[in-house]
Amino acid sequence: MTQERRKRLALVAAVAFAIYLITHIGEFDFPLSLAKACLASIIVTLLYAFLSSHFWKKYVLKLKDHQ
């Protein structure tokens, strides 16, 4: 995995974590809310990683590889 891809995935995870905490600020409960935010960011990051992967582009979307 390239350094650029790692940085992009870390950014996606951070944004997902922050958005979850901001949208659920009214029901914030310290340990449980952080655990839920971590779980949400992991799920979003895995989904983003899969949808931006070479496998997805080549076999599911049937796009030509330009590299």
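pLDDT is the predictor's confidence in each residue, from 0 to 100.

**Figure 1. Confidence along the predicted chain.** The protein chain has an average pLDDT of 88, and 91% of its residues score at least 70. Confidence is highest in helix H1, at 94. Helix H3 (residues 54-60) is where confidence is lowest, at a mean of 77. Where pLDDT is low, the predicted coordinates should not be read in detail.

**Figure 2. Helix H1 packed with helix H2.** Two packed helices are described by the angle between their axes and the distance between the axes. Here, H1 spans residues 3-23 and H2 spans residues 30-51. Their axes lie 8 Å apart and meet at an angle of about 140 degrees. H1 and H2 are therefore oblique to each other; an angle has to be over 145 degrees to count as roughly antiparallel. The crossing of the two helices, H1 and H2, is right-handed.

**Figure 3. The residues that join H1 and H2.** On the H1 side, the contact is made by Arg5, Arg8, Leu9, Val12, Ala13, Ala16, Phe17, Tyr20 and Leu21. H2 contributes Ser33, Leu34, Lys36, Ala37, Cys38, Ala40, Ser41, Val44, Thr45, Tyr48 and Ala49.

**Figure 4. A closer look at Leu34.** Now zoom in on Leu34, which sits in helix H2 and is one of the residues in the contact with H1. Leaving aside residues up to four places away in sequence, Leu34 touches Phe17 and Leu21. Both of these partners are on the H1 side of the helix contact. Leu34 has a relative accessible area of 27%, so it is partly exposed.

Figure 5. Arg6 has its place in helix H1. Arg6 counts as partly exposed because its relative accessibility is 44%. Along the chain, Arg6 and Ala49 are 43 residues apart, and their C-alpha atoms are separated by 9.9 Å. Further along your tour is Val15, also found in helix H1. With a relative accessibility of 41%, Val15 counts as partly exposed. Val15 and Pro31 are 16 residues apart along the chain, and a distance of 19 Å separates their C-alpha atoms.

Definitions and conventions. Residues are numbered from 1 along each chain as its sequence is written. This is a predicted model: local features need pLDDT of at least 70, side-chain atom pairs count only at pLDDT 80 or more; totals for chains, interfaces and linings use all residues. Side-chain values use heavy atoms; hydrogens and water are left out. Axes are lines fitted to C-alpha atoms, for helices over the stretch in contact, and angles run from 0 to 180 degrees between N-to-C directions. Helices (H or I, at least four residues) and strands (E, at least two) are DSSP runs, numbered from the N terminus. Angles under 35 degrees count as roughly parallel, over 145 as roughly antiparallel, 65 to 115 as roughly perpendicular and the rest as oblique. A crossing is left-handed if the near helix is turned anticlockwise from the far one by less than a right angle, and right-handed if clockwise. Contact means heavy atoms within 4.5 Å. Buried means under 20% relative accessible area, exposed over 50%, partly exposed in between (1.4 Å probe, protein chains only).
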